[in-house]
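Hi everyone, thanks for making time. I'd like to walk you through a structure, starting with the whole chain and ending with a few single residues.

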There are 2 protein chains.
Amino acid sequence: MNATKPLTIVIVGGVAGGASAATRARRMNENAEIILLEKDPDVSFANCGLPYHIGEEIPKRDSLLVATPEFLRRRFRLDVRTRHEAVSIDREKKRVEVRRNETSEIIWIDYDKLILAPGASPIRPKLDGVDADNVLSLRNLSDTDRIKAIVDNQQTKNAVVVGAGYIGLETVEQLVQRGLQTTLVELQPQVLPLLDPEMAEPIAGEIEAKEVSLCLGRRVTGFTTDKNNQVTEVTLSDGSTIATDLVVMGIGVQPNIKLAVDAGLEIGVTGGIATNDFMQTSDPDIYAVGDAAEYRFGPTGNRMRVALAGPANRAGRLAGQHAATGNSDPMPTVQGTSVVRVFGVSAAMTGVSRVTAKRFGVDAASVTIVAKNHAGYYPGAQMMTLKLVYQPETGKILGAQAVGGAGVDKRIDVIATAMQFDGTVRQLSGVDLSYAPPFGSAKDPVHMAAFAACNQIDGIETFCDSDGDLAGKQVVDVRTPAEIERAPLAGLPLASESEGGIIVIPVDELRDRIGELDPSLPTIVSCAVGVRGHIAARILKQHGFTVANLSGGATVRNRVKFD
Amino acid sequence: MNATKPLTIVIVGGVAGGASAATRARRMNENAEIILLEKDPDVSFANCGLPYHIGEEIPKRDSLLVATPEFLRRRFRLDVRTRHEAVSIDREKKRVEVRRNETSEIIWIDYDKLILAPGASPIRPKLDGVDADNVLSLRNLSDTDRIKAIVDNQQTKNAVVVGAGYIGLETVEQLVQRGLQTTLVELQPQVLPLLDPEMAEPIAGEIEAKEVSLCLGRRVTGFTTDKNNQVTEVTLSDGSTIATDLVVMGIGVQPNIKLAVDAGLEIGVTGGIATNDFMQTSDPDIYAVGDAAEYRFGPTGNRMRVALAGPANRAGRLAGQHAATGNSDPMPTVQGTSVVRVFGVSAAMTGVSRVTAKRFGVDAASVTIVAKNHAGYYPGAQMMTLKLVYQPETGKILGAQAVGGAGVDKRIDVIATAMQFDGTVRQLSGVDLSYAPPFGSAKDPVHMAAFAACNQIDGIETFCDSDGDLAGKQVVDVRTPAEIERAPLAGLPLASESEGGIIVIPVDELRDRIGELDPSLPTIVSCAVGVRGHIAARILKQHGFTVANLSGGATVRNRVKFD
């Protein structure tokens, strides 16, 4: 670069990662020529807000335009070119081939540094009818407009949402709020497949409580269209059919890597563009960020795709600085932290679930606690279930999931922060969190979960997973008979009804009635949420029993679906 | 210890730390004799909930009884002795002298391990009238009952609360909710003296908006009593008087260390009982926890008193385990994390403020940002001001303060968690937090503050503290003229009105109008909250200016009180 020819930075994709890269590059370098190419009409729009405009929680469409092209030109002197699609990269000549979508004209743009932020595209099933006007995905403003127009039409009564991930669930919530009779179809036997099944169950329960028809373990096998090319009926893999006026597909995304593949850039094992710690691809003059790129994932240390807005924004900012100056901090690991609200229940997670850990071949243990979001004696406390997943040998935190009312996001953010430091459950047990009755508890749910994990590591307590096998065990329910009657531990009879059934001894009577139990039998204790079970397990262990406490008690156990 | 004589653990004080110690000790050791001595009638009550019962947010008094003596006896086989006051320790014979407060009978109780959790007592000024029936502190249930009886009395119209710390502010809130005309008196020139002045200002503003009379920088110098020994008037140091029916004293606490001092146990430099990492005092068979003990404080590494419920509970649990088994994890450092809600505004903090850092002789820098608690395009976003205090050389986080609406607790908890790992602002900038529009932003306020701090450390940006001296500087306000008219930067005229005044150049015009500024002058840029100032500062710096961005912009600057 010399005085007569400024550094030219070309950025492909103008939403989260691309826009962050462009603005940071400008702040770092007033002299650079910064060209922002976006194939669609809008840049820097509120991706994550789209469902809420359909539901009219965000009434004004303009609110979704976080930064318009005009704004970016004015404030950051960016050369924003919308409806410009990058179609190939000539790495040797360091130029990008660009099609102007309105005219199909092809131009070539030279670059010194190229930042790829092409995002991902919704996966569409290869089925007849999938291209009907009322079968839509929700990825950009034009999708939003089309879905909203159908919802706004008074003739629209029914909707089918396919895919129970974040976008699918948010869309269901908003369609129900707009008064549509909604069906949610999910291939997996649970909603939110990134969560362990019992942690996703309260979300499913909340959806069904809102009279959404929930079709789990099924996929769409066909669309019936009318003469106007409108889908009128969806057929599922079990042969059932659902009449509908609208289909929203939310079955996942595939990264837009064609440009990178054609240019010979390295692709990672998870199918994203391979990057180094500065978000550089295998060509150091080309960066990749956002949904199409790979990141280092904290729990495993491996590189993988993480299609979330937070990492995209931070990686974009970092790549923008590196491209503009040749220097930046390395990109931190990402934990895959996320949250979704579904009516009155929210679910948040970070790192890996127990199921995901197993799939990744990572040895994992877990504990589950049920606790209130703030002091129970202060009115309005809401319950949450918090599951902490960790390495049994080292105690390293591998992930956490929280589902419930208010405050699940806070607990997951605290744990995600500990994970950023490769923290252990022991370190987590010592975090000093803010407490006043409207905000938390002196022993926060985070502490309770970490205490339980430390107890398990230290051999103070053994936990039985909520889906653990109780067959052949001496199962002791330490709740009161009245509580047990209200919410029996599912799937097992009482000892009074059947041999080998559950023995009922309230915790406060356990010391006096310990003679009723056989210390030679492997024993499981259970209560409502695990607190009394902990006390009971300690009593029995000190009396020589081999005993485990059912993690999360009957509350969580009863969310498990057994075949 | 042998089979015939079980380990005897005596615990002095049955609230947060003591009760936690006793129950953990029992869980760890079924055979120990565990004696819990409490001088008052109640154990394990909800200390932090007392103001809310006065205000009837917690309507039932029973809700404050987290665990009754009967419950602790039944579930944990604790020998709970209320109205039993430990009056001396005979360390040689390992026994405690105890007075039964109802009979004044003296008994001696032997111990193998002794845990001191005596708490702290409210400081009472030595003034005539301070012992009047309507001059009360708020420390236990009997205080609560007495204050509530006065508030419940329909004749009670006015109240004076002395001390604008957490308890004082919570009490003010609740008295106002009960309809009392309330005056708040504070010796310091600000509320919440642990916060930097400009961070406490929104709390003061909220209090005044609720028509509380706020008397800062004054202390109580006298009480006027009537013939019934009721205070009717409070005299302040400025000679003013306030008629009142009730006085609540919340001017701080002193640790109850007499027992420890008399026993010759080491007292730390901050006046608390000295402890090691296992909460053992200078006598290894005696532990101390709670408000009377000292903890290792994260930001300085020094031992100091931290009178908060969270550390008390965790230290009690740890000491209980150590006393019962001889083993435990070491007590983690504490950060002094806390939060208070005052009507619609909350303030949370962790570690040290800028002012406290200075008092501790710790070199500190800070940045202040103003941001919304969640995506601005999603309805209901609330503003918060977040100040991050750090070591300028290493970037180590020393503390943070947040004031505003919803979500201040979450941000402080995230930062406190990073501090638990001796985290730096650079590490904090990479935390992967959960994001969806109702919960946060892709770039969270925590990230924005950490980005700003990193920019300052890296020399990318220099910040001018919100109370910095602007005299002799070229001050440029980069907001639009309309904005400036609505909320001018306090204390400085515009350049159009006076030589040396503020130059107005909206950020979007700065590049074209840069010739209007003198690059040889030290320059300060300011906007509403610091975001546009950041862009402007980067433009000017790259044009050779020595420039600083006013941290938090006019919003925070205008909260500073200049003499």
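I'll begin with the ground rules, then take the overall picture, and then go residue by residue.

What we have is a predicted model, in which local features need pLDDT of at least 70 and side-chain atom pairs count only at pLDDT 80 or more, while totals for chains, interfaces and linings use all residues. Residues are numbered from 1 along each chain as its sequence is written, chains are lettered from A and ligands numbered from 1 in the order in which they are written, and side-chain values use heavy atoms, with hydrogens and water left out.

Let's look at chain A as a whole. It has 16 helices and 30 strands; these are DSSP runs, H or I of at least four residues for helices and E of at least two for strands, numbered from the N terminus. The C-alpha trace of chain A spans about 90 × 60 × 40 Å along its principal axes.

How does the radius of gyration of chain A agree with that of a compact globule? For 563 residues the globule value would be near 24 Å, and chain A has 27 Å, which agrees. The radius here is taken over C-alpha atoms, and the rule is 2.2 Å times the number of residues to the power 0.38.

Chain A is divided into domain 1 (8–120 + 254–325), domain 2 (135–251), domain 3 (344–457) and domain 4 (463–557), with bounds from an automatic or database domain assignment. Taken over C-alpha atoms, the centres of domain 1 of chain A and domain 4 of chain A are 55 Å apart.

Of the 563 residues in chain A, 60% count as buried. Buried means under 20% relative accessible area, exposed means over 50%, and partly exposed is in between, using a 1.4 Å probe and protein chains only. On contacts, meaning heavy atoms within 4.5 Å, 63% of those in chain A between residues at least 6 apart in sequence join residues at least 24 apart.

Now for a pair of residues from two chains. A:Ser434 sits in the loop between helix H11 (425–428) and helix H12 (445–457) of chain A. Is A:Ser434 buried or exposed? It counts as buried, because its relative accessibility is 1%. Leaving aside neighbours within four places in sequence, A:Ser434 is in contact with B:Thr337, B:Ser338, B:Val339, B:Asp409 and B:Asp413.

Let's cross over to that last partner. B:Asp413 belongs to helix H10 (residues 408–420) of chain B and is also buried, with a relative accessible area of 1%. Not counting residues up to four places away in sequence, B:Asp413 touches A:Lys410, A:Val414, A:Leu433, A:Ser434 and B:Thr337.

Back in chain A, A:Asp283 lies in the loop between helix H7 (258–262) and strand E18 (286–288). A:Asp283 counts as buried at 10% relative accessibility, and, apart from neighbours within four places in sequence, is in contact with A:Arg91 and A:Leu265.

Last, some backbone angles. Most residues other than glycine have a negative phi. B:Arg77, however, has a positive phi near 50°; this residue is in the loop between helix H3 (69–76) and strand E3 (79–82) of chain B, and is partly exposed at 33% relative accessibility. B:Lys94 has a positive phi of about 50°, in the loop between strand E4 (84–90) and strand E5 (95–100) of chain B. B:Lys94 is partly exposed, with a relative accessible area of 25%.
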